[in-house]
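Here are my notes for your read-through. Keep the model open beside you and check each point as you go.

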Amino acid sequence: MADWSPDTRRALRAYLAAVALADPLQRELARTYSVALGDLHALRLLRDLGEVPINRLSAALSIKPSNSTKLVDRLEGAGLVERVANPADRRVTALRLTERANDALSDRSLVECSGLAARVERLAPGERLQLAALLERLLERGSQAVEATLEPTDAARARCGPPGEIRGSPGALQLEPKG
């Protein structure tokens with residue numbers, strides 16, 4: 001295990017605790033729309049891109065085509081996207097959001113009922129801006145710098161599984177050095 005600084009351990013503990021705040025939202029999304037919170041990002045991208053082939057979605061999400069196919073299969077099974085023939089080139093299949101997907105993307109009640117919005121609203125305006133800036137920076141670094149330059153070690157792969165797969169629950173994560 002990495003020998004993290006006390007600041008890093010504190011930041012990781014706080015981040016994981018904050019992620020747990022999304023659990024009620026995750027459960028309600030799954031119950032109402034059969035979708036995970038992370039899948040909403042793909043739906044938002046599709047909404048913004050319009051009807052596009054699956055390879056465009058793969059590129060926009062920075063994921064492998066096989067992973068985007070699995071994602072689209074799952075979203076299609078949930079009634080959130082449909083595959084449609086491209087009238088200009090019938091060899092190409094485009095993705096289209098369904099009305100159900102648009103409902104999921106516009107359903108603010110899920111966030112409001114989860115209590116997450118109320119917690120963010122209780123922060124001072126400057127704190128909300130700071131939170132947004134830090135999270136955006138974390139996301140930017142995660143998607144560009146880290147993924148582009150770091151490959152997990154064989155030991156990390158054996159311990160953690162493939163990238164993106166989580167084993168165990170966040171509460172079970174060991175953040176303190178062993179010893």
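1. Start with the angle classes. Angles under 35 degrees count as roughly parallel, over 145 as roughly antiparallel, 65 to 115 as roughly perpendicular, and the rest as oblique. Each angle runs from 0 to 180 degrees between N-to-C directions, and axes are lines fitted to C-alpha atoms, for helices over the stretch in contact.

2. Next, the ground rules. This is a predicted model, in which local features need pLDDT of at least 70 and side-chain atom pairs count only at pLDDT 80 or more, while totals for chains, interfaces and linings use all residues. Residues are numbered from 1 along each chain as its sequence is written, and side-chain values use heavy atoms, with hydrogens and water left out.

3. The overall layout. The chain has 10 helices and three strands. Helices (H or I, at least four residues) and strands (E, at least two) are DSSP runs, numbered from the N terminus. Along the sequence the pattern reads α-α-α-β-α-α-β-β-α-α-α-α-α.

4. The α3 and α4 pair. Helix α3 covers residues 37-49 and helix α4 covers residues 54-61. Their axes come within 10 Å and cross at roughly 120°. The two helices are therefore oblique to each other. His41, Ala42, Leu45, Leu46 and Leu49 in α3 meet Arg56, Leu57, Ala60 and Leu61 in α4; contact means heavy atoms within 4.5 Å. By class, these residues are seven nonpolar, one polar and one charged. Here Ala, Val, Leu, Ile, Met, Phe, Trp, Tyr, Cys and Pro count as nonpolar, Asp, Glu, Lys and Arg as charged, and the others, Gly among them, as polar.

5. The α4 and α5 pair. Helix α5 (residues 65-77) packs against α4 at about 110°, with the axes 9 Å apart. That makes α4 roughly perpendicular to α5. From α4 come Ile54, Leu57, Ser58 and Leu61; from α5 come Pro65, Ser68, Thr69, Leu71 and Val72. This contact has six nonpolar, three polar and no charged residues.

6. Is valine 35 buried or exposed? Valine 35 counts as buried, at 3% relative accessibility. Buried means under 20% relative accessible area, exposed over 50%, and partly exposed in between (1.4 Å probe, protein chains only). Valine 35 sits in the loop between α2 (23-33) and α3. Leaving aside residues up to four places away in sequence, valine 35 touches Leu29, Ala30, Leu43, Leu75 and Leu80.

7. The chain as a whole. Of its 179 residues, 21% are buried.
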